[in-house]
Amino acid sequence: MRQSAGRDEDFTAFVVARSGRLVHLARMLCGDAGLAEDLVQTALEKAYLRWDRIEMGDPFGYVRQAVVNQHLSWLRRRLWRERPSGTPAELDADFHRSAGDPADGVERRLVLDAALETLTRRERAVIVLRYVEDLTEAQTAAVLGVAVGTIKSAHSRALQKLRAVPELSASYVGGKA
């Protein structure tokens with residue numbers, strides 16, 4: 001068995017190297033930066049308790065799964081739907097920006113966040129795991145604990161909804177929102 005100091009150093013190195021990506025994943029899943037940090041913190045606390053067993057395998061995969069599970073548990077406990085403040089609906093669609101304006105990236109992220117909020121929790125998880133985490137359909141099905149066919153249908157419905165958002169398609173096709 002490893003000494004506690006070595007275990008702590010290994011876990012700390014993992015957290016330093018991977019926490020940013022985990023928080024990004026959680027943020028894409030839940031749409032709220034503060035909640036995302038809480039979900040990752042809880043997942044890391046649980047991972048730390050099992051670190052000796054998981055560090056030899058795929059620790060990032062394990063903690064990623066824990067983050068997704070924390071998010072799904074949070075959704076089940078929530079009695080009503082909360083929306084993060086500052087949604088893109090507040091943006092003025094007629095606001096003109098120059099091609100080099102750094103605000104364009106911010107606006108695209110806000111539009112994407114708003115579009116993701118229109119999806120069901122399963123559809124959002126599928127899109128985030130497939131495109132942000134770059135998982136295959138089979139890996140996504142394993143993470144969510146559902147059949148591959150369920151992933152395929154949720155993916156199809158989600159893409160259909162996202163393609164219907166004119167601001168989103170304009171911002172990623174090269175046009176102006």
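Predicted model: local features only at pLDDT ≥ 70, side-chain atom pairs only at ≥ 80, totals over all residues.
**Exercise 1. Find which members of the largest nonpolar core touch the most other members.**

Step 1. Define the set. A nonpolar core is made of buried Ala, Val, Leu, Ile, Met, Phe, Trp, Tyr and Cys residues joined through side-chain atoms within 4.5 Å. Buried means under 20% relative accessible area, exposed over 50%, partly exposed in between (1.4 Å probe, protein chains only).
Step 2. The largest core has 45 residues; L22, V63, V67 and L144 touch the most other members.
Step 3. Helices that each supply at least two residues of this core include α1 (4-30), α4 (59-77) and α8 (148-163).
Step 4. Take V63. Leaving aside its neighbours within four places in sequence, V63 is in contact (heavy atoms within 4.5 Å) with F14, L22, A43, L44 and A47.

**Exercise 2. Compare the span of α2 with the expected value.**

Step 1. The expected span of a helix is 1.5 Å times one less than its number of residues.
Step 2. α2 has 17 residues, and 24 Å is expected.
Step 3. From first C-alpha to last, α2 reaches 25 Å, close to that value.
Step 4. Check the N-terminal end. D32 caps it: a side-chain oxygen lies 3.1 Å from the backbone nitrogen of G34.
Step 5. Buried residues of α2 include A43, L44 and A47. Those three are also contacts of V63.

**Exercise 3. Explain why the buried residues of α7 lie on the same side.**

Step 1. The buried residues in α7 are T140, A141, V143 and L144.
Step 2. They cover an arc of only 160 degrees around the axis, so they sit on the same side of α7. The arc is that of the directions from the helix axis to the C-beta atoms.
Step 3. Their cover includes α4, α6 and α8.
Step 4. After α7 comes G145, with a positive phi near 70 degrees.

**Exercise 4. Decide whether R64 is buried or exposed.**

Step 1. R64 lies in helix α4.
Step 2. R64 counts as buried because its relative accessibility is 11%.
Step 3. Beyond neighbours within four places in sequence, R64 is in contact with L22, L25, E133 and L135.

Terms used:
Residues numbered from 1 in each chain as written. Heavy atoms only, no water. Helix = DSSP H or I, 4+ residues; strand = E, 2+ residues; numbered from the N terminus. Polar contact = N/O pair within 3.5 Å; in protein donor to acceptor, adjacent residues only side chain to side chain.
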